[in-house]
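Please look over the model before reading on.

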Amino acid sequence: MPVRALQTFSRMSWGRYLLTAGLQGCRCRLSCPVKRHYSFLPDDVKSLRAVVNPDISKVRNIGIMAHIDAGKTTTTERMLYYSGYTRVLGDVDDGDTVTDFMAQERERGITIQSAAVTFDWKSHRINLIDTPGHVDFTLEVERALRVLDGAVAVFDASAGVEAQTLTVWRQAEKHHVPCVCFLNKMDKPAANLSFSLESIRQKLKANPVLLQLPVGSGRSFTGVVDLLTNQKLTWKPKSTGDDGRAFEVKHLDQSDDAELLQAVSEARTALIEQVADLDDEFAELLLTEFGDNFDAVPSMKLQEAVRRVTLARKGVPVLCGSSLRNKGVQPLLDAITAYLPAPHERHHDAARWYKDDLCALAFKVLHDKQRGPLVFLRIYSGTLKAQTAVHNINRNNTERMSRLLVPFADQHVEIPSMTAGNIALTVGLKQTVTGDTIVSSKASAAAAARRAQKDGGAGRKHGEHASVVLSGVEVPDPVFFCTIEPPTMAKQADLENALNCLQREDPSLKVRVDLDSGQTILCGMGELHIEIIHDRIRREYGIETHLGPLQVAYRETILREVSTADTLDRTIGERRHVVTVELTVRPLDIDSAGGSCESAFAEELEGQLSAEIKEAVENGLRSSYLLGPLLGYPLRGVSTLVQSVTTEAGTSPAMVSACVSRCMLKALRLAGGQVLEPVMSLDVTVGEEHLSSVLGDLAQRRGTVRDIQSRHDNKVLLATVPLAEMMGYSTVLRTVTSGNATFSLELDAYETMNPKEQYRLLKKMAGLL
């Protein structure tokens with residue numbers, strides 16, 4: 001074992017950097033309070049390697065996802081405390097949480113960037129990522145879920161499924177991530193178990209499998225009943241400062257409340273029947289051995305069946321608790337280890353071709369002033385070692401990794417190596433960006449490609465490495481943009497460096513230079529996103545920049561199908577360039593396939609054009625899609641079919657691209673342009689006395705009300721509103737409701753702008769408004 005690694009490990013404080021395996025959990029005698037005793041290093045741990053690289057079956061890579069303010073970070077803090085990782089309970093309001101370490105996060109009380117932390121629970125290693133809940137930082141959730149094996153969806157038990165919950169749930173579904181649901185805030189007076197379950201069933205189209213019943217409701221919520229074991233877990237605080245470590249576990253008996261016993265009996269029977277419907281193996285066990293008495297079903301057999309249902313994504317286990325009141329978090333940790341998959345239980349097509357060779361995906365980049373770029377890697381196969389060279393398939397280059405770290409939010413522990421299934425932090429990869437595939441060498445990638453071709457031929461069509469590159473992260477298009485200027489021209493180079501670093505950290509941030517004015521344009525996902533970027537440039541890079549007014553990222557599309565042709569004939573020096581292009585453009589559904597533009601070649605052209613000419617045509621099309629015929633906004637929902645390309649000998653590819661661009665502009669003008677504007681899905685929770693004021697304000701913002709629902713004593717207003725009208729909405733909403741309303745926004749779609757608004761926009765662009 002390296003001496004340096006041992007010294008680093010021995011210097012760590014046992015409370016904050018606890019890396020022990022086999023921590024004492026909450027196993028206890030029935031009817032006795034739980035007492036925990038954590039030791040620094042158990043006797044059976046003989047080396048650092050045994051601690052850092054646990055058995056892969058004991059690893060859980062999970063993420064905490066939810067709507068904003070549902071309690072993700074608070075739940076994470078309780079997990080870290082009960083696992084022994086921290087010695088003090090962190091609080092979002094006090095700004096002392098582990099995972100919300102940025103100054104902006106602690107000031108605002110929200111999570112802005114996902115933070116990774118590693119801890120142990122009952123001999124299991126948990127790599128946890130706390131993700132943001134705000135819509136502006138959706139990409140942070142997307143790239144975290146891309147590399148995780150399971151997720152915990154946290155719900156406010158009084159609100160059920162909210163707007164951003166739908167978004168993060170869809171992201172988990174896209175990556176086929178098994179989930180566990182945690183109904184948080186059961187201590188709120190408006191908390192409602194049946195309402196929350198129904199909203200999961202109706203809005204998420206999921207199958208909730210209830211594993212716990214709450215004991216008490218609202219402020220009288222004291223614990224839960226485990227339906228698998230018929231055990232009652234009760235937290236009885238001895239004082240207001242009780243940390244929730246000690247709780248009582250006892251079997252239900254006749255001395256308990258008769259109404260509770262009846263509810264538990266009915267819920268357990270419903271649970272057994274539901275699991276039997278979802279799992280054939282469990283159904284067969286019931287029919288053959290326990291058909292006459294469901295109560296005799298062993299809890300272990302039921303737990304195994306729930307695990308199979310969860311891994312198959314046929315159902316989602318549902319647990320209850322109150323993280324802020326320190327109730328129900330330990331059973332949630334048990335559920336994570338019991339029901340969510342280990343890394344080897346998830347199948348990754350590209351990674352299996354590497355066998356024992358290294359294959360990892362870069363999913364996040366941070367910039368450290370001392371260390372430089374820090375790259376988060378999820379290791380899918382092989383072993384990652386410090387002080388070794390690795391090959392980046394996407395960049396086709398080789399870099400040397402100097403150091404390897406275990407991530408602990410903003411603190412890190414250096415280690416010599418890390419095995420498959422884990423999440424690591426690397427130092428020294430200066431060219432790697434989000435979505436890159438990292439392997440041990442170019443030879444190992446070639447060997448994996450040969451295995452893929454031999455077994456299925458997946459890589460033959462797209463080139464040697466096409467099938468052995470891990471799929472990256474889909475980056476959404478920005479919807480807001482504004483100009484950004486340094487205080488003086490002397491700071492221009494510093495600003496460009498800061499923006500380059502921030503773009504590498506955050507792929508959803510786009511920076512471009514306006515060709516007409518020469519100004520730098522900052523493009524982001526929302527007001528808060530751009531505000532945070534502006535604040536980070538000031539704090540982290542010491543540049544007092546000036547932001548121009550926020551503008552909406554409109555798009556353009558076409559109205560009808562058009563075919564056209566164009567010929568370019570130029571003589572430059574002694575060389576003549578002649579090219580003729582014929583193509584057809586037609587409109588697509590603007591919201592299908594992400595609303596992107598599509599292009600294709602006619603079948604007869606496939607074998608006629610050289611690779612160089614094809615690339616020139618594609619370059620010409622791509623440049624045309626960036627500049628619409630009306631106002632110069634990028635195109636959306638346009639399909640192009642290249643019918644023919646004829647060139648004379650000696651014609652340069654640059655002339656082919658120019659001819660394609662000119663022909664496309666001609667076709668787009670003939671097809672008729674239409675401006676599209678982004679519209680938001682808006683949810684407003686407001687008291688009935690303020691409903692009319694909110695409706696009147698929405699009418700002035702061109703909003704369309706979809707539905708008005710009742711939720712306890714409040715009304716929930718569901719509407720669709722143009723993004724351009726939502727500037728500063730939070731301030732206006734606080735004013736008209738005296739601060740008694742909450743709202744959430746989600747980008748819904750791009751919609752056709754009505755003629756009147758399009759005319760106003762045209763006049764504005766022409767400087768007449």
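## Charges over rings

A charge sits over a ring if NZ of Lys or CZ of Arg is within 6 Å of the ring centre and within 35 degrees of the ring normal. Arg245 places its charged end over the ring of Tyr81, 4.4 Å from the centre. Lys614 lies over the face of Phe601, 5.6 Å from the ring centre.

## Basis of the values

This is a predicted model: local features need pLDDT of at least 70 and side-chain atom pairs count only at pLDDT 80 or more, while totals for chains, interfaces and linings use all residues. Residues are numbered from 1 along each chain as its sequence is written, and side-chain values use heavy atoms, with hydrogens and water left out.

## Nonpolar cores

A nonpolar core is a set of buried Ala, Val, Leu, Ile, Met, Phe, Trp, Tyr and Cys residues joined through side-chain atoms within 4.5 Å. Buried means under 20% relative accessible area, exposed over 50%, partly exposed in between (1.4 Å probe, protein chains only).

The largest nonpolar core has 85 residues; Trp169 and Phe282 touch the most other members. Helix H8 (residues 258-278) gives the most to this core, eight residues. Helices are DSSP runs of H or I, at least four residues, numbered from the N terminus. Another core, of 44 residues, lies apart from it; Ala553 and Leu691 are among its members.

## Cysteines

A disulfide is a pair of cysteine sulfur atoms within 2.5 Å. The structure holds zero disulfides. For Cys523, the nearest cysteine sulfur is that of Cys482, 8.3 Å away. Cys523 is buried, at 9% relative accessible area. Cys597 is partly exposed, at 21%.

Notes: Helix = DSSP H or I, 4+ residues; strand = E, 2+ residues; numbered from the N terminus.
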